[in-house]
Amino acid sequence: LQVMGEDPAALRNAVESLRDVLPKDAWPHRIDLNCGCPSRTNAGSSLLRDPEDVARCAGALVAGAAGHIPVTVKMRTGFDDTSLFEKNLLAAEGAGAAFITLHARTRSQQYSGRAEWSYLARAKQVISIPVVGND
C-alpha cells in the first residue's frame, strides 16, 4: 500500500485505522511512503526539500504500524538538486524504514533524461537498509 501525505498525524492515524478496521490477514504486506511523485502539493517529492519532513512522515507511519507492518520509502535523488540526498536517506532509515526504493532522478527531472544509477551505489554506502532501484 503506497501513501502520500505531508501531515504526520494524519499518516499515523491512517495506518492505525487500517489496522483497526481490517482483519490482520487483510493488512498490506508493507506501507510505502511516496516521496517520489512530482506532486504540486507539499507531499510526494516535496518532502525531499527537508529531511526532517521525511523523518517525521516516515516515523509517523512506523509508529502507526507499531511493528506489525513494514514501512518503506520511495524517493527520488532530490527535489531540484541532489544536495540533500544523503540526509534524506539517513532520515528515512533513522525513522525506521525497512528499505528504500530509489527513483534515480530529481523531481525537477520528472521522468526525462536518464536515471543516474550511480546514486544506488552511493545510497548503499550511506545507509545499511536495502535499496531497490526504480527507473
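**Helix packing and the core**

Tutor: H1 and H2 pack at an angle of about 25°, and their axes are 8 Å apart. Axes here are lines fitted to C-alpha atoms, for helices over the stretch in contact, and angles run from 0 to 180 degrees between N-to-C directions. Helices (H or I, at least four residues) and strands (E, at least two) are DSSP runs, numbered from the N terminus. This is a predicted model: local features need pLDDT of at least 70, side-chain atom pairs count only at pLDDT 80 or more, and totals for chains, interfaces and linings use all residues. Residues are numbered from 1 along each chain as its sequence is written, and side-chain values use heavy atoms, with hydrogens and water left out.

H1 and H2 are therefore roughly parallel to each other. Angles under 35 degrees count as roughly parallel, over 145 as roughly antiparallel, 65 to 115 as roughly perpendicular and the rest as oblique. From H1, the contact residues include Pro 8, Leu 11 and Val 15. From H2, they include Arg 56, Ala 60 and Leu 61. Contact means heavy atoms within 4.5 Å. H1 passes H2 in a right-handed crossing.

H2 and H3 pack at an angle of about 20°, with axes 8 Å apart. That makes H2 roughly parallel to H3. The crossing of H2 past H3 is right-handed. Here Pro 51, Val 54 and Ala 55 of H2 meet Lys 87, Asn 88, Ala 91 and Ala 92 of H3.

Next, the core. The largest nonpolar core has 35 residues, and Leu 33, Leu 61, Val 73, Met 75 and Ile 100 touch the most other members. H2 (51-65) is among the elements that give two or more residues to this core, and so are H1 (8-21) and H3 (85-94). The largest share, 5 residues, comes from H2. Such a core is a set of buried Ala, Val, Leu, Ile, Met, Phe, Trp, Tyr and Cys residues joined through side-chain atoms within 4.5 Å. Buried means under 20% relative accessible area, exposed over 50%, partly exposed in between (1.4 Å probe, protein chains only). In soluble globular proteins, nonpolar side chains tend to be buried together.

Take Val 73. Not counting residues up to four places away in sequence, Val 73 touches residues including Leu 33, Ala 58, Ala 92 and Ile 100.

Definitions and conventions:
Left-handed = near helix turned anticlockwise from the far one by under 90°.
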